[in-house]
Amino acid sequence: RESDHRAWTPVSYTVTRQNATIQGLIQGKAYFFRIAAENIIGMGPFTETTKEILIRDPITVPDRPEDLEVKAVTKNSVTLTWNPPKYNGGSDITMYVLESRLIGKDKFHKVTKEKMLDRKFTVEGLKEGDTYEYRVSACNIVGQGKPSFCTKPITCKDELAPPTLDLDFRDKLIVRVGEAFSLTGRYSGKPAPKVTWLKDDTVLKEDDRIKIKTTPTTLCLGILKSVREDTGKYCVTVENSTGSRKGFCQVNVVDRPSPPVGPVIFDEVFKDHMVVSWKPPLDDGGSEITNYIIEKKDTHKDLWMPVTSATVKTTCKIPKLLEGREYQIRIYAENLYGISDPLISDEMKAKDRFRVPDAPEQPVIKDVTKDSAVVVWNKPYDGGKPITNYIVEKKETMATRWVRVTKDPIFPGTKFKVPDLLEGCQYEFRVSAENEIGVGDPSPPSKPIFARDPIAKPSPPVNPEAVDKTKNSVDLSWQPPRHDGNGKIIGYLIEYQKVGDEEWKQANLTADSCPETNYKVTGLTEGLTYKFRVKAVNAAGESDPAHVPDPVEVKDRLEPPELILDANMAREQHVKAGDTLRLSAVIKGVPFPKVTWKKGDHEVSPKADIEITGVGSKLEIRNTVHEDGGMYSLTVENPAGSKTVSVKVVVLDKPGPPRNLNISDVRSDSCYITWMEPEDDGGSVITNYVVERKDVASAQWVAISSSSKKRSHMAKYLMEGIQYLFRVAAENQYGRGPYVETLKPIKAIDPLHPPGPPKNLHHVDVDKTEVSLVWNRPDRDGGAEITGYLVEYQEDGADEWTKFQTVPMLDCVVTGL
């Protein structure tokens, strides 16, 4: 019967064996069974099963696990996975048993010690180079099932696979500003490769906008809200010990351009149009500028009017302007991704800014010949535009019509040789300047000139005379001729003649070797007497000679030295330290004197530059210091005598350090400082002294007096017990001199004195060998605590006092009397 029913159902009536098979039971139901024996007499009592029996298939061990695979191999570990058996034997799997066998050995050994239900296991602690095979069994409540099929022999060694890289992006990527973009891909390799992202060779790191995600097989770089600075060459590197792979992508984050760069330059301004220019934007937005949009606005109106929106040049003509009105220009840059903010110009009035050049000044005519003349002029104001040409015109003085002298341009020179003049005619010339606006007014006409060669010889030189002589030379001087014959004086010819001779000798061979009105005739014989004469020469020839009135005897002329002092050689010369000292004088004398500079009785300093010329001498000392002061003398001497001048030089400088710095009358809150004036006051009156103090524990000096003219100071407000240093410096109008400092610190304490005498000394007890004494404290302690009292005694009539002892208290017993 079923366990939940009461009715019994017969199964068999003819069973003679002691067993029976019962058919038709329902799986999963529980039944009770009973059995009775029967003979010919009848049926005996039933025997019943004690407990219900659940109908189910019989339980066996599980089948073998399936799909045993090796997932990873290293030099000391093996990772395996498997799938459950197809049939678990009618009972749940309780664990798996993994076994291994070293190739060459017979037995399998259990690898797992603890109970294992996972279907993945890593065998560790293996020996590199060993070869194993593995199998796995499943267990249920009945027991351990058959093992799986064995793996292939597995040798323990690191698996190596070079990296692979499969990218989802192309070589180039264009992104609008503000949008996000990502670069993704897949990779593999053994051992697991390292993934690195770079931008323009710089390693990228995560932040608020940059996100990097890497799994064992995928890689991803994401950038949120892209900006222009994200433009660049991105690179992903996948690398392990066997090699590396790289992927690249050029990302261009594009935007509308930045505004054109100002200011707007008005290259040309006219009454009806302007020409403006500007510079391209600093940032083209990552895409080349396709065009500029130019607009104009009359400043009296609010309306912007288009000029053009189809130019890629950075210059533009603004047409159709009204004369006298002020305009502003607005310029936008445009690329594929939009239009920039505008660049707005300053206001500009529409009027002709440029004009033709001014008229040149009256030209000057030079180098006139019978058929040509050179016209020279100065450059006039160019009217705001560069001069490109000059126009030179000529006309005969009596004519009315001006004629251009050449059709060729005359530039940039400001002189022109006019050809093709008619000899003997009188001409005037004028010049006009031209720029791109037009031709300016002509200059005033030049002074009239006749076209003819300068043909007249000059008149003789005037007043030739011998101005100096030596034992072998004579210096001549004269004045130019009164008439140059309408020709430039080229120079002069000088001739001399020994008295008694008839032949004149030339002192110079060509006139241009003596262009000036003086000449030194050399190579003469000492003691002889000579005559001299001079001729003037121009292009037409030599003038008549002018004679030196008297013959000249050649011998040395003696003139004692003479000194003409310059202003800087007055009796006393003051110079500030660091400035340059200059002493100079004009020197005369024949022969030229020997020059000697001295300072006191010694040579001047080597740093002094001494210059001696044929007319004077100069002494110069740069960057003077106080030591450069003193008495300088200049001596000039020649055979005719000598002359000496002296000048006292005072180099004005800061004073030296004060002397004999002394500290006295030290108290707990003050001390008295005295000193003497410096040995050197720097050449100027000392105006004041600066007194400073410093606590020895501090690095800072503190000024306690800076305007005192006295050579003493009471330093107040000291801190009792602190040690102080003091220093003093002198000042004059050129600055503050060096400090003089106390050699050792001064401690701020009151001075100590011996205490006063004890008061009211008397005895209070007397014995045959001792006396008891008492007394009171003295009125003054001398500035320090009393440390004790010295007791002495003297026998009556004796001269000497005997020391007994020093006691701390106000009483004492004198013993041993």
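Residues are numbered from 1 along each chain as its sequence is written, and side-chain values use heavy atoms, leaving out hydrogens and water. As the model is predicted, local features need pLDDT of at least 70 and side-chain atom pairs count only at pLDDT 80 or more, while totals for chains, interfaces and linings use all residues.

**Stop 1: the cores**

Select Leu-583, Trp-597, Leu-619, Tyr-632, Leu-634 and Val-649. These have the most contacts inside the largest nonpolar core, which has 20 residues. Here a nonpolar core is a set of buried Ala, Val, Leu, Ile, Met, Phe, Trp, Tyr and Cys residues joined through side-chain atoms within 4.5 Å; buried means under 20% relative accessible area, exposed over 50%, and partly exposed in between (1.4 Å probe, protein chains only). Now colour strands 48 (581–590), 49 (594–599), 52 (616–621), 53 (630–638) and 54 (641–652): each supplies at least two residues of this core. Strands are DSSP runs of E, at least two residues long, numbered from the N terminus.

Centre on Trp-597 next. Leaving aside residues up to four places away in sequence, its contacts (heavy atoms within 4.5 Å) include Met-569, Leu-583, Ile-610, Leu-619 and Leu-634. Another core, of 19 residues, lies apart from this one; select Leu-165, Trp-197, Tyr-234 and Val-236 among its members.

**Stop 2: a surface patch**

Show Ile-59, Val-61, Ile-141 and Val-142, a nonpolar surface patch with about 330 Å² of accessible area together. Patches are made of residues with over 30% relative accessible area and no salt bridge, with nonpolar side chains (Val, Leu, Ile, Met, Phe, Trp, Tyr) joined within 5 Å and like charges within 9 Å. Areas come from the Shrake-Rupley method with a 1.4 Å probe, and for residues only the protein chains shown count as cover. Val-142 counts as partly exposed because its relative accessibility is 44%.

**Stop 3: salt bridges**

The whole structure holds 29 salt bridges, each a side-chain nitrogen of Lys or Arg within 4 Å of a carboxyl oxygen of Asp or Glu. Pick Arg-330 and Glu-295, whose closest N and O atoms are 2.6 Å apart. Arg-330 sits in strand 26 and Glu-295 in strand 23, so this pair ties together parts 35 residues apart in sequence. Both are buried, Arg-330 at 17% relative accessibility and Glu-295 at 16%.

Methods: Helices (H or I, at least four residues) and strands (E, at least two) are DSSP runs, numbered from the N terminus.
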